[in-house]
Amino acid sequence: MTLGATSDIVGTKTRRGLTGLLLVAVPVFLVGWMIIWPIISAIGRTIWLPNDGGTGRSFSLETYIFFFTDQYSLNNLSVTLWTTGICALLLVLICLPIALYLRFATGRLAAYVQGLAIFPMFVPSIILSYAIIRVLGPNGTVDLLLNSVGLPHIRSPYLTPWGPVIGLVWDNIPLTVLILLAGLGSVSNQSIEAARDVGAGRLAVLWHIILPRISNSILVAVSFTVLGIFSAFTLPYVLGPAAPEMMGPFMQRTFRDLNDPTNAITQAVIAFCFCIVFGLFYVRSVAKNRNP
Amino acid sequence: MARVLVEKRIDWIGIFFAVALTIVIVVPLLVVGTWAFTNVWRYPSVIPQEFGLKFWQQTLARADVWSSITMSLSLATVVTLLSALICLPAAYAFARMDFPGRNILFFSFLAGHAFPKFGLLVAIAGIFLSLNLIGTFWGVVLIQLVGTLLFMIWIPVAAFQSVDRRMEEAARDVGAGPFRVFWSITLPQAGPTIAAAILLSFVGTFYETEGAWLIGAPQIRTLPVLMISFINNQPVIQYGAVLSVLLWVPSFIALLFARRVISSGSFARGFGA
């Protein structure tokens, strides 16, 4: 390859450069037009609002001031932050033990556990929502089983803020387990055995050897979760309460039902601001692992 | 923990996880499956009073079900074809050619993943509003096409990079032209991974709900969008259950093909682990 590159005459090289650029032009244009431009335009059109007279635009933070003074918007924002926080916490608490188990166990039982942990990736969230309603909803399977042994009904999480939490955690288990498991792959058996040889207990090994080595993977998993859950739409829309609603359904309703794109886009920009740290961290981690 | 590897003893932790995950992950889906094949299931019976296919006939007789199946299949096909058409040449260029700005352009496909997805969709919808693309087939195609770019470029780039360059050079040495080399050497080696990427983007597009709902509804009604309206307004439980089973078929096919790819660590590393 090196030989080929150096023996290329200059003319061929620039032509190959042009061909390369032409081949990647359409997808790159789509990224520019459908991702970068909408974000710039979203910020632009929410801080330069049309004037009352209908002529031109002028700088105004009106829509942002409205969002942060409107109690309903603030309730939606806080239920979104609450849901995102609870989901991220639950996912780490549930998936870390599973990943630890899968890292050190072998055999058919471990393969079965891994298969189940990855399975939700193949269940579309809309089917999941339906299944959760049938199981945990009114007169659902849990109610049937409790009733058959003479116990009272549960207080169904369906249409409460806990409905989306259950759905979103279920939905995000596979990728969280996979990300943590990939992180645990960098913890060598030797380092653990060495620690055990000098008398470290299981907790000490976990705390001093494993956790420091996978802290980056945990952060990646949390960032991925936050980005996915903060503006989740389907599960909160179907399983969550009508009010307060999460940012996803709130934006959708403002945009389509209230036909108020400017305020919907303001909500989107506010969502971007809350997630920017996680987004940058996530993109940096992905880019670090991948050489073009 | 390392001791588990050495000693043969009952794996209680494993049994606990297996049972817990079975209850949490398998049981809800079995309940939906059972509902789909149930004619009568009145509260408070624990098992259905009557099994049967009555509701399959009724669901499949509905015009809205057929039109949304057609819509979903044609959207997914058009998006996947367009995506393959524009992304595979680009992936080849990223893998094999040197051009100015290659690295930054390669990583630019991550941009869509740095923002909360629905927020980005609303920002795009704001632009579509002025282009009159809201509620149109091509509006939904565009928004779903953007969602496939990252996978359809990054996975094939890895596939092209893993092709043995010496074999290509050997073929060229014995006089094969560039297209002949690509067709006989490069493509057969990179093919399976590229096919996996195409399958993933077809299935991903088939289930894409948020863009279709925000940009397309109510004119463009895909299966997942129809499913939302069944959940919200349909008193007959079995319609939703039958539709869930139908809706799961592409995912099942993807499951059969993609399991090995996903279990390997390289997939998770693609997500930044």
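Predicted model: local features only at pLDDT ≥ 70, side-chain atom pairs only at ≥ 80, totals over all residues.
A residue counts as buried here if 20 or more other C-beta atoms lie within 10 Å of its own, and with that in mind I can begin with chain A, where 46% of the 292 residues count as buried.

Chain A holds 13 helices and two strands, and its C-alpha trace spans about 70 × 70 × 35 Å along the principal axes. If you took a compact globule of 292 residues, you would look for a radius of gyration near 19 Å, whereas chain A comes out at 25 Å. As for how the chain meets itself, among the contacts in chain A between residues at least 6 apart in sequence, 67% join residues that are at least 24 apart.

Now to the place where the two chains meet. Here 97 residues of chain A are in contact with 85 residues of chain B, and on the chain A side the element that gives the most is helix α2, residues 10-47, with 20 residues. Which classes of residue make up that side of chain A? They divide into 69 nonpolar, 21 polar and seven charged residues. For the complex, the predictor gives an ipTM of 0.87 and a pTM of 0.88.

Finally, chain B, for which the mean pLDDT is 84, with 91% of its residues reaching 70 or more. The domain assignment divides chain B into domain 1, residues 3-51, and domain 2, residues 61-270, and the C-alpha centres of these two domains of chain B lie 32 Å apart. Their contact takes five residues from domain 1 of chain B and six residues from domain 2 of chain B. On the domain 1 side, the largest share, four residues, comes from helix α2 of chain B, residues 12-36, and by class that side has three nonpolar, two polar and no charged residues.

Terms used: Residues numbered from 1 in each chain as written. Chains lettered and ligands numbered in written order. Domains from an automatic or database assignment. Contact = placed C-beta atoms within 7 Å. Nonpolar A, V, L, I, M, F, W, Y, C, P; charged D, E, K, R; others polar. Rg over C-alpha atoms; globule rule 2.2 N^0.38 Å. Buried ≥ 20, exposed ≤ 12 C-beta atoms within 10 Å, placed from the backbone. pLDDT = per-residue confidence, 0-100.
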